[in-house]
Amino acid sequence: MTTSSPSPGPTPAPRSRRELNKAATRQAITNAALELLRAKGPGNFTVEDIAEAAGISRRTFFNYFSTTDAALASIVHGFLDNAIQQLRLRPVDEPLLESAQAALIALADPKAIAPLAELFTLTQQSPLMAHTELEAWDHCRGQVFTVARERLADTPGGQDELYVHALAGSVISCGKAAMEVWFTRRGPDLSPRSLAELRQLLIDAMALLGTGFTTPARSASRSS
């Protein structure tokens, strides 16, 4: 992996009060949806229940999310947004998959991955959550596609839509594979040690993709 330092990016513009209020409302809806999911289980609460728990109207809910599935899928967005932010800080001339590994490594706190792990665990335990999982992964794929297209725009072949779509899809497939291996090993365990193992599996999966699966890799995260 290259050891060059990230190029400094532009300083983010300060967020307006309106933007902060919208972000707070969105987070309140997400938190309410997760609490109801934990308390009542999949399929046992409605949009109205989420709105009441979040202290908003039904109409306001639909200003942010189209369904309860979409609200639950947004649980993973905080982790994804942090990973995308780290990815954008990497040197523009660094291979994209190396940047993806570095972005995951930068998220050193295992707790950062907890929302992703919890939602995945819940979707594996209930067929009713299958659509929620699809919503979450589709959002991830869209985000990865956007970053890949930005990074590869000025490189030979970087404008090839098939290449960018295939790359984004491969990244997501490897991410899902890491999640599945983790769940097979750990089940619903969300302890710091388990979350650290999941983070390493995601890093290892990006490494496999980066090498084109040419050599078997002995995962550093294998359970002892």
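What percentage of the 224 residues in the protein chain is buried? Buried residues make up 40% here, where buried means under 20% relative accessible area with a 1.4 Å probe, protein chains only.

Before going on, note that this is a predicted model, in which local features need pLDDT of at least 70, side-chain atom pairs count only at pLDDT 80 or more, and totals for chains, interfaces and linings use all residues. Residues are numbered from 1 along each chain as its sequence is written, and side-chain values use heavy atoms, leaving out hydrogens and water.

So what is the chain built from? You'll find 10 helices and zero strands; helices are DSSP runs of H or I with at least four residues, strands are runs of E with at least two, and the numbering starts at the N terminus.

Now look at helix H7 (residues 114-125) and helix H9 (residues 161-186), which pack at an angle of about 70 degrees with their axes 11 Å apart. Those axes are lines fitted to C-alpha atoms over the stretch in contact, and angles run from 0 to 180 degrees between N-to-C directions. H7 and H9 are therefore roughly perpendicular to each other, a label that covers 65 to 115 degrees. Where they meet, H7 brings residues including Leu 116 and Phe 120, and H9 brings residues including Trp 182 and Phe 183.

How far can you trust the picture? The mean pLDDT, the predictor's confidence in each residue from 0 to 100, is 83 for the protein chain, and 87% of its residues reach 70 or more. Over residues 1-12, though, the pLDDT is below 50. Where pLDDT is low, the predicted coordinates should not be read in detail.

Methods
Angles under 35 degrees count as roughly parallel, over 145 as roughly antiparallel, 65 to 115 as roughly perpendicular and the rest as oblique. Contact means heavy atoms within 4.5 Å. Buried means under 20% relative accessible area, exposed over 50%, partly exposed in between (1.4 Å probe, protein chains only).
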